[in-house]
Amino acid sequence: YAYYNHHFPEKYIPNVVSFVGGFSYNAAVTDSTLGVGLDMYLGSDHEIYEKVPLPRYRVERMNAEYLPYDALRGWVLSEFGDPQKQKNILSKMIEYGKGLVVMDAVFPKSPDYLKIGYTKKQIEWCENSEFSIWGKMMDQNVLYSNDKEAVRTYLSEGPFTPGMPRESPGRVGYWVGWQIARAFIDEHPDMTLKEFMKLDNYQMILQKSKYKPKK
């Protein structure tokens with residue numbers, strides 16, 4: 001919160017409460033309160049997770065190390081816009097990517113897999129496959145699509161991204177949006193994070209980011 005307050009001194013710092021939500025919610029947000037679902041962080045090897053209908057890919061991340069990141073990511077995304085309300089895949093993924101750039105600022109020394117909620121292997125796959133991920137999105141011409149199937153493919157939670165290897169994580173489009181947002185910030189070092197978060201011309205962000213994954 002100290003980092004958060006440094007970048008956004010006008011923003012409200014929420015009260016934090018814990019709750020047990022029946023294995024449903026990692027975080028719940030109101031105008032002034034951030035709730036953390038403790039039953040979602042008992043440890044991936046906890047016997048109780050074998051008795052409830054939870055997919056294995058979710059259980060793998062139900063460890064205490066993810067708790068602060070899931071909680072703050074939920075708060076950040078509620079404060080700076082809802083990616084789901086954006087019109088096409090490009091706007092959705094960059095809007096989410098902007099939120100993850102705030103996570104970079106709030107957790108400057110933390111690994112990327114925790115900030116986005118992946119496993120170590122999944123983030124490594126993304127980093128090693130960035131060129132092919134972007135190439136596939138270009139080949140399928142999905143950036144400006146709001147087709148439900150395309151949105152589900154690239155932005156929905158799941159064990160992997162359909163059409164990609166099973167080593168891939170779900171919602172890989174959000175990871176790409178994060179890289180575009182990072183590239184934009186690198187290209188504009190004089191822009192404050194607060195100024196960046198106000199931008200909503202996603203085509204401009206993509207163009208001026210000069211995003212181009214290396215082979």
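Me: In what order do the three strands of the open sheet stand?

Reply: This is a predicted model, where local features need pLDDT of at least 70, side-chain atom pairs count only at pLDDT 80 or more, and totals for chains, interfaces and linings use all residues. Residues are numbered from 1 along each chain as its sequence is written, and side-chain values use heavy atoms, without hydrogens and water. Strands (E, at least two residues) are DSSP runs numbered from the N terminus, as are helices (H or I, at least four), and two strands pair if DSSP finds at least two bridges between them. The pairing here is mixed, and the order is S1-S3-S2.

Me: Why is one side of S1 and of S2 left without a neighbour in the sheet?

Reply: S1 (15-19) and S2 (27-29) stand at the edges of the sheet. One side of each is left without a neighbour because each has a single partner strand.

Me: Which residue in S3 is the bridge partner of asparagine 15?

Reply: S1 and S3 (residues 33-37) run parallel and are joined by five bridges. In S3, the partner of asparagine 15 is threonine 33.

Me: Which helix gives the largest share of the lining of the second largest pocket?

Reply: A pocket is an open set of points on a 1 Å grid over the protein atoms alone, where a 1.4 Å probe fits, with protein on both sides within 12 Å along at least five of seven lines; lining residues have an atom within 4 Å of a point. Among the residues lining the second largest pocket are Tyr57, Lys121 and Trp125. The largest share, three residues, comes from helix H6 (residues 120-128).
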